[in-house]
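Here is a short briefing to read alongside the model. Have the viewer open and follow the topics in turn.

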Amino acid sequence: MNKTLRLILGDQLNSNHSWFNTVDDSVFYVMMEIRSETDYATHHIQKVVGIFAAMRAFCSELKSNNHQVIYIKLNDKDNLQSFDKNCESLISNYNFTDFEYQLPDEYRVDLVLKKIAKSISGKSFDSEHFYTSRNELGAFFEGKKTYMMESFYRAMRTKHNILMEGGKPLTGQWNYDSDNRKKIPKNHKPITPFVFNTDLSDIFEEINKTSIKTIGTIDSKDFFWPINRKESLQLLDFFLAECLHLFGSYQDAMMPNEWSLYHSRISFSMNVKMISPKEVVQRAIEEWKKRPDEIQYNQIEGFVR
C-alpha cells in the first residue's frame with residue numbers, strides 16, 4: 001500500500017487548497033518548525049512567533065477535519081532542524097512511498113525540495129494562491145528591454161477582467177497613483193486600528209530557549225496580528241468597512257504618533273496564504289460597488305494595484 005508524505009511549509013497555510021478537499025488515510029501531512037528557516041536570515045521576532053502560531057493553528061484545523069498531521073515543534077528532541085533531514089527520517093521511519101509538496105516561493109527551498117523528491121517518488125503541486133503561474137512573469141518580460149511593473153499590472157487587469165469594461169479600463173484611465181499622495185490633514189484623527197490580543201508567550205518562551213537571533217520587540221502576551229484564516233478575514237472586513245474609502249489618498253502618508261492609518265495590514269495573512277490576493281481584490285471591488293459614492297475610484301484602483 002502506498003503512503004504519501006505531504007510537506008506543508010510555514011507560508012503555505014491555505015485551507016482552500018485542493019489537497020484538503022478529501023480525507024485520505026494514506027496521506028500524512030508534515031509541518032515543521034526548523035532552524036534552517038529561522039537562521040538563514042535574522043527575522044523580526046513578531047514574524048517568527050506569528051508564523052509558528054499560524055502553523056500550529058493550521059495544524060489544529062487540519063486535525064479537526066480528520067486529516068493526519070505530523071507536527072514537529074522547534075524544541076522536539078527528534079527535530080533534525082531542516083526539511084531534508086526531517087523528511088528523510090520520516091520517510092524511513094514511516095515507510096512512505098511517495099513525497100509531495102507545493103511549489104515554494106523561495107529558490108533556496110525549491111532546491112531542497114527537489115532534492116528530496118529525487119530520492120523517492122516525488123511530485124510538486126501549484127500553491128493555488130497567486131494570480132500568476134510560476135513562469136508567467138518571466139514569459140511576459142522575455143525579450144523586453146525594460147521591466148515595468150505598470151505594463152505587467154495592465155496585462156493582469158486585462159487577463160483577469162479586473163476593473164475593466166469592453167477590454168478597456170473603467171474610466172479610461174489605468175492608474176490613479178498621482179491622486180494617492182496626499183498628506184494627512186493637520187487636525188485629522190485616523191481610525192483606531194482593529195487588533196487582536198492573543199497570548200503567544202508559550203511560543204515566545206520556546207524560542208528564548210534556543211540561540212535563535214531575532215530583531216525587534218514583541219508583547220507576546222498581547223500579539224495583535226491575525227494567526228488564522230478567521231482572524232484574517234475579520235481584519236479584511238474591518239479594512240473594507242472602515243479604511244478603504246481613504247486608503248488610496250493616504251497610502252503614502254505618515255504621522256509621528258500613528259502606526260496604522262488606513263492600511264489593510266493583511267500582508268502577513270497573504271504572505272502565509274491564509275487569504276489569497278484574488279479573494280482580497282474581489283472583496284474590495286464588491287465593497288466599492290456597494291458604496292460608490294463613499295469610496296472614490298482612486299481608492300479602489302490604488303488598493304487593487
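A residue counts as buried when its relative accessible area is under 20%. By that cut-off, the buried residues of helix H7 are Ser201, Ile203, Phe204, Glu206 and Ile207, and they pack against H2. Please keep in mind that this is a predicted model. The tour below starts with the sheet, moves to the helices and cores, and ends with some backbone details.

**The sheet**

- Five strands form an open sheet in the order E4-E2-E1-E5-E6, and their pairing is parallel.
- Strand E4 (68–72) and strand E6 (121–125) are the edge strands, each pairing on one side only.
- On average, and with direction ignored, neighbouring strands of this sheet are turned by 25 degrees against each other.
- Strand E1 (residues 4–7) pairs with strand E5 (residues 98–102) in the parallel sense over four bridges, and leucine 5 stands opposite phenylalanine 99 in E5.
- Helix H4 (residues 107–118) packs on the sheet and touches E1, E5 and E6. The direction of H4 makes about 160 degrees with that of E5.
- E1 and E2 run parallel and are joined by four bridges; here the bridge partner of leucine 5 in E2 is phenylalanine 28.
- E2 also pairs with E4 in the parallel sense, over five bridges. Phenylalanine 28 stands opposite glutamine 68 in E4, while valine 30 has isoleucine 70 in E4 as its bridge partner.

- Which way do the side chains of E2 point? Val27, Tyr29 and Met31 point one way, and Phe28, Val30 and Met32 point the other way.
- Six of the six residues of E2 are buried, so E2 is largely enclosed by the rest of the structure.
- Four of the five residues of E4 are buried, so E4 is likewise largely enclosed by the rest of the structure.

**Helix H3**

- Helix H3 (residues 83–94) has twelve residues. From its first C-alpha to its last it reaches 16 Å, close to the 16 Å expected at 1.5 Å a residue.
- The buried residues of H3 are Phe83, Asp84, Asn86, Cys87, Leu90 and Ile91. Because they cover an arc of only 165 degrees around the axis, they lie on the same side of H3.
- What do the buried residues of H3 pack against? They pack against E1, strand E2 (27–32), helix H1 (35–39), E4, E5 and H4.
- Asparagine 95 follows H3 and has a positive phi, near 60 degrees.

**Nonpolar cores**

- As background, nonpolar side chains tend to be buried together in soluble globular proteins.
- The largest nonpolar core has 31 residues. Those with the most contacts inside it are Ile8, Leu13, Met31, Val49, Phe52 and Ile207.
- E2, helix H2 (45–64), E4 and helix H7 (201–208) each supply at least two residues of this core, and H2 gives the most, with eleven residues.
- Leaving aside its neighbours within four places in sequence, valine 49 is in contact with Leu200, Ile203, Phe204, Ile207, Ile218 and Phe223.
- A second, separate core has 30 residues, including Leu163, Phe247, Tyr262 and Ile285.

**Positive phi in two loops**

- Leucine 163 lies in the loop between helix H6 (149–159) and strand E7 (164–165). The phi of leucine 163 is positive, about 55 degrees, although this residue is not a glycine.
- Is leucine 163 buried or exposed? Its relative accessibility is 5%, so leucine 163 counts as buried.
- Lysine 273 lies in the loop between helix H10 (267–271) and helix H11 (277–290). Lysine 273 is not a glycine, yet its phi is positive at about 70 degrees.
- With a relative accessible area of 1%, lysine 273 is buried.

Methods: Residues are numbered from 1 along each chain as its sequence is written. This is a predicted model: local features need pLDDT of at least 70, side-chain atom pairs count only at pLDDT 80 or more; totals for chains, interfaces and linings use all residues. Side-chain values use heavy atoms; hydrogens and water are left out. Two strands pair if DSSP finds at least two bridges between them. Axes are lines fitted to C-alpha atoms, for helices over the stretch in contact, and angles run from 0 to 180 degrees between N-to-C directions. Contact means heavy atoms within 4.5 Å. The expected span of a helix is 1.5 Å times one less than its number of residues. Buried means under 20% relative accessible area, exposed over 50%, partly exposed in between (1.4 Å probe, protein chains only). The arc is that of the directions from the helix axis to the C-beta atoms. A nonpolar core is a set of buried Ala, Val, Leu, Ile, Met, Phe, Trp, Tyr and Cys residues joined through side-chain atoms within 4.5 Å.
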